Structure formats: C-alpha cells, structure tokens
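Let's take a walk through this structure together, with an eye on how two of its parts meet. Have the sequence and the model open beside you as you read.

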Amino acid sequence: MQPLPPPEKSKEDILLFFKLYNPEKEVLCFVGRLFVKALGKPSDILRKLTEMAGFTPDEEIELYEEIKFEPNVMCEHIDKKLTFRASQLEDGDIVCFQKSPKADSGTQVRYPDIPSFLEYVHNRQVVHFRSLEKPKDDEFCLELSKLHTYDDVVERVARQLGLDDPAKIRLTSHNCYSQQPKPQPIRYQGVEHLLDMLVHYNQTSDILYYEVLDIPLPELQFLKTLKVAFHHATKEEVVIHSIRLPKNSTIADVIIDLKTKVDLSSPTAELRVLEVFYHKIYKIFPLHEKIENINDQYWTLRAEEVPEEEKNPSQHDRLIHVYHFTKDPLQNQQIQNFGDPFFLAICEGETLAEVKGRIQRKLQVPDEEFSKVWKFAFISMNRPDYLQDSDVVSARFQRRDVYGAWEQYLGLEHTDTAPKRAYTANQNRHTHEKPVRIYN
C-alpha cells in the first residue's frame, strides 16, 4: 500500500497492456502489462505471454490490437514478424491474445477469435419478449445480437417456446411513446436485423411482442383476415366472424364463406356486406370488390340478410337510410347518432304514418314508448326537419345535391337507453346492446 515510483523507461520502451481471450468460456480479461522495445518484435515476448496465460511454452498464439470499441469495433491482427513500431503500437495500447484456432480441434465455439467476440459484445442486446395477448408482462428474455437477422431472431424465439417451425412466430415492435405494441406487426423478413426491430424514431427499445400463429407467416401474409359482424334477421344477437381469405378474394367470396358459418333464416337468403362507421352506413360493398383494399381496423363490416321487400323494388320505390339519434344538451343540441343503422324500402306516396308502422314492427318497440317518446325527422347535413304523420316521406328524399347518401336520412329521435340497462330477452331491437358472440 506504499506509493511506488513508475518503472524506469527509456525512449525505446513501449508500455503495452495485455488481455487474454478464452473462446470456449467467451471471456476476455486483463492479464498484465509489459515494457517492450519499439524495434523489438512480438515474437520476442511470446514466451513471456504464454507464462502469463498459463500456456505451455510451445503454444502458438495470435495477437490483436484493440484500437477502439465505440462507435464501432476496430481490432486488427498484429503481424508477429513486424516490429512494434512498424505495427504502429504506442504507449498505452491494448494487445489481446489467444491460442491460435485449430481447424481439427473438434470444439465448437460461437466466437472463435477476438474480433468476432468484441463485435458480439458491442452488439449484444438483452430483449424482453412479451406475448401480444399480455402486452404488460415479460414472458422471457433472450441475449441476442443487434446484427442478428430476422431469421436468427425468430429461430431463437421458436427454440425458447419449443416450437418446431419458426415461420409461425410473428413479431411486433414496441412503441416507445405509447408504451404499447405498434399497430402493425413486422412482416415476414420485413427487416434485416434485430436493431431495425428495436428502433422507434430516435429511441431504442428492448421489448418485442410475439404471437404463435396457426399457419406459417409467409402463408398468412398472402391472406387477409376480416372481422365481420353478422346481424341475424330475427335473432336478437350479433355474431362476429373472422373471415380469412386470399387477398385477391372479393366480397362475393366473403359471402360464400359466411354462409357456411352463419344461421340463415332460409337456405335461399341473400347476404350483403355494409361499411358502418359511427352508427351510419357508408357503403354497400359490390360483390366484385377486392378485400385487399378493405380496412376493417376503423370501419365496422356488417353482414345481413337482404329483406324480401328490398329484392324486387319497383321504379318508384326508394331505399333510404334510417338512423337513431338524440340531441346532446351539452353541445348546443347537436345531433348524436347511436345504435344500429338500417335501410328501409319506401314506396311512392307512402306517408310517415305508414312508414312508422313498419319501423315499429321491425324494431319491436312497445306502443306506449313508440307513440309518446319517438319523433321522426328528415335529416340533411345534420339538420333535422321534423315530420308529421301525413307527410309523404318519399317526397323528402328527392334531393341529389348532398355529399353522400348517409348525409340525408330518416332520423328516429329517442333516448339512448342501451348503456344504462342490461340486456333482457324482450329488450327492444333498436338499442345497440345486443349480445355479441365472437368466433375466430
């Protein structure tokens, strides 16, 4: 514990620090320091290095200069036949050495030489994997390299999960700002390296989410899965089906698939698929439309039977939109839509009184509630024009100068009571708290 003067050092001496690498244990550790002559050669100190390492005197060793670690690893082989000065070694430089790798040794190591080991240390990354179904909980951790390819990563995950086919693993990156999984998963071989999976804008995460698929991801990417809510013609329920078809399939193919899964009112019933958003019908999908372009993440896809009265309309019949609405007293009596929108076929000259009767029967609303509470209005561009029983409904739907059919509709004004009461067997069908069943 006494202070010591530095050792005597001439101008021709160079102070070098030495590290020993063990490829089997994957350990690189400091073993000592030596003064060497600038014009001397590494071959002059090989015997001393083998003593420091505990090797036999005749053991062949390789030497490397550890130049820098950040931002990138630089580690160069040292020619034992050149002088230290010729190899540009100076005071304070670090020399790493190891046994010369033998091709016939039979020992399998991950990083056989010092440069590959330093590259591994520089790029190693502990990744916390979470099931996409439980995005808050770490399931397991793996030590990986940022340079690992997509295939390397899914192979390690599959091995951890005991899964035979790594292609059935689908990964999703982490959003560093929302602390949630990103909305879109990583496509099969869609990134080159692990680092690409972890970087989110200018931040790097250590979290990845995984799913185990029932079919390989390359096959799944040629398919599209749609969630379709089927509204039965008579039953008071909504059944959500997962439809998985090739991306070049059409709505006609969706309907064919649905017919094998849903309970129809009759074998000859026709189905249509609608696009619903915020309780308004925005589109009836044509049968030839490709499903590849349909986004069901924000829009609700609804399938239903086509009512008999809509199948063979006369030239004077009209198909109108009918929506439920209420007025919000906190927002200047602004119209708020709710519940399930629907179509209604109206005849030329049909009065509101006649239309009301058909709507009441369709929605199964009790007489007392229907007569006292419900009001009817022709609504265009979100402005209501209340109707009387004697008004001819079809006369109000002659205008064509609106942006879309959903901007003019027959509005049913009544209180939205559905969120406040539980479902019962006789609950009115106009509410939107129908029981929902989901089939995957």
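How many residue pairs are in polar contact between domain 3 and domain 4? Keep that in mind while we get our bearings. What you are looking at is a predicted model, and the domain assignment of the protein gives domain 1 (13-103), domain 2 (122-217), domain 3 (222-306) and domain 4 (318-413).

Turn now to the last two of that list, domain 3 and domain 4. Their C-alpha centres lie 25 Å apart, and the contact draws on 13 residues from domain 3 and 14 residues from domain 4. Between them, domain 3 and domain 4 bury about 1100 Å², with 58% of this area on carbon and sulfur atoms. On the domain 3 side, look for His 279, Lys 280 and Ile 281: these supply 55% of the area that domain 3 buries against domain 4, more than any other three residues.

Back to the opening question: there are four residue pairs in polar contact between domain 3 and domain 4, counting pairs with both residues at pLDDT 80 or more. Salt bridges between domain 3 and domain 4 number zero.

Which elements carry the side of domain 3 that touches domain 4, giving two or more residues to it? They are strand S15 (271-277), strand S16 (280-284) and strand S17 (300-305). S16 gives the most, with four residues.

Methods
Residues are numbered from 1 along each chain as its sequence is written. This is a predicted model: local features need pLDDT of at least 70, side-chain atom pairs count only at pLDDT 80 or more; totals for chains, interfaces and linings use all residues. Side-chain values use heavy atoms; hydrogens and water are left out. Domain bounds come from an automatic or database domain assignment. Contact means heavy atoms within 4.5 Å. Buried area is the accessible area (1.4 Å probe) that two parts lose on being put together, summed over both. A salt bridge is a side-chain nitrogen of Lys or Arg within 4 Å of a carboxyl oxygen of Asp or Glu. A polar contact is a pair of N or O atoms within 3.5 Å; within protein, one must be able to donate a hydrogen and the other to accept it, and residues adjacent in sequence count only if both atoms are side-chain atoms.
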